[in-house]
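Here is a short report on one protein model. Look over the sequence and the fold, then read on.

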Amino acid sequence: MIRPSSPLVPALLVLCCFFIGGFSRSEAEEASAAGWKKPAFTGQPLEGLRVALDVGHSRLTPGAISARGRGEFLFNVSTARVIAGVLEKAGAKVILINADGAITGLADRAVLAGKEKADCFISVHHDSVNDKYLRSWVHEGVSRPYADNFRGYSVFASSKNAKADRSREIGLAVGAALFEAGLKPTLHHNEPIKGENRPLLDARTGVYEFTDLVVLKSAEMPAILLECGVIIHREEELLVQDPAYQDLIAHAVVKALSTVFPREKKKGLFKLFGTE
Ligand SMILES: [Zn+2]
């Protein structure tokens, strides 16, 4: 809650919005050759926000295997580090969970985030597809499964999370920011087959309900899971390792969080001007 202490404060707010946390369309978007529009930020729009960033899976249980035989954990840790760096640049305090890949349990991650009093929890993953889509190819002399049918990001929230409404709000904001940044969602998790069949909260921006996702429903703070791309897809496996792609995702996450948590932004403004 903002309590202006003098009539001067609203004027200062208007003035300093030009310098802090702005996402004006004309100045803040960087067009790229790939049609990406990176939502840049100025100042520290996330000042005061504590974000738990969870690196999905572990070294022992690496998750999905890419078209070139690389474990998902390695993709997750690489992208999570980029997201963490950009979130910190935006003023957030990042609690990076499982960067060393030693945590195998799912609920443990949410417990750690709770101990650190995180305001929100984001689990970083990379995606695969149902086995029925798998074909084989030979890469560097080794026959490996791949599927080029689906590609794109997806975002999940659970209605069983303790802060389900807020989780959904963050999920929708992240989906919208990724979409507006020029990325395309994959909708294959909505296919009515065993192992998928996830209801879409927003088909346009690729946001799903995933009720029993343990890491989301066990978190006491708002939580989402982000699939950054489909690594069983031969081209997308390479794309998600591109630092520019990871940076684009990171900036979209900053934009989304700055719209969902505006209070922290304003708190930063007041701090800057010494009025609170
Ligand atoms: Zn995963």
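Which residue just after α3 takes a positive phi? Glycine 91 does, at about 100°.

## Basis of the model

This is a predicted model: local features need pLDDT of at least 70, side-chain atom pairs count only at pLDDT 80 or more, and totals for chains, interfaces and linings use all residues. Residues are numbered from 1 along each chain as its sequence is written.

## Overall make-up

The protein has 9 helices and 11 strands. Helices (H or I, at least four residues) and strands (E, at least two) are DSSP runs, numbered from the N terminus. Of the 276 residues, 46% are buried. Buried means that 20 or more other C-beta atoms lie within 10 Å of the residue's own; exposed means 12 or fewer, and partly exposed is in between, with C-beta atoms placed from the backbone.

Take contacts between residues at least 6 apart in sequence: 73% of them join residues at least 24 apart. Two residues are in contact if their C-beta atoms, placed from the backbone, lie within 7 Å.

Helix α3 covers residues 72–89. Its 18 residues should span 26 Å at 1.5 Å a residue, and the end C-alpha atoms are 26 Å apart, so the two agree. The expected span is 1.5 Å times one less than the number of residues. Buried residues in α3 include Phe73, Ile83, Val86 and Leu87. The buried residues of this helix pack against β3 (50–55), β4 (93–97), β5 (120–127), β11 and α8.

Leu87 and Val174 have the most contacts inside the largest nonpolar core, which has 71 residues. Helix α8 (residues 243–260) gives the largest share of this core, 10 residues. A nonpolar core is a set of buried Ala, Val, Leu, Ile, Met, Phe, Trp, Tyr and Cys residues joined through C-beta atoms within 7 Å. Leucine 87 touches Leu46, Val51, Ala92, Val94, Val253 and Val254, leaving aside residues up to four places away in sequence. In soluble globular proteins, nonpolar side chains tend to be buried together.

Strand β8 (154–157) is covered on both faces. Ser154 and Phe156 are buried on one side, Val155 and Ala157 on the other. β8 pairs with β11 (residues 223–230) in the antiparallel sense, over 3 bridges. With β10 (residues 207–209), β8 runs parallel, again through 3 bridges. Strands pair if DSSP finds at least two bridges between them.

Leucine 225 stands opposite in β11, and tyrosine 208 stands opposite in β10.

## Loop residues

Alanine 162 sits in the loop between β8 and α5 (164–180). Is this residue buried, exposed or partly exposed? Alanine 162 is partly exposed, because it has 16 other C-beta atoms within 10 Å. Its C-alpha atom is 9.1 Å from that of alanine 223, 61 residues apart along the chain.

Two residues other than glycine have positive phi values. Glutamate 140 has a phi near 50° and lies in the loop between β6 (135–139) and β7 (142–146). It counts as exposed, because it has 7 C-beta neighbours inside 10 Å. Asparagine 197 has a phi near 60° and lies in the loop between α5 and β9 (200–202). Asparagine 197 also counts as exposed, with 10 C-beta neighbours inside 10 Å.
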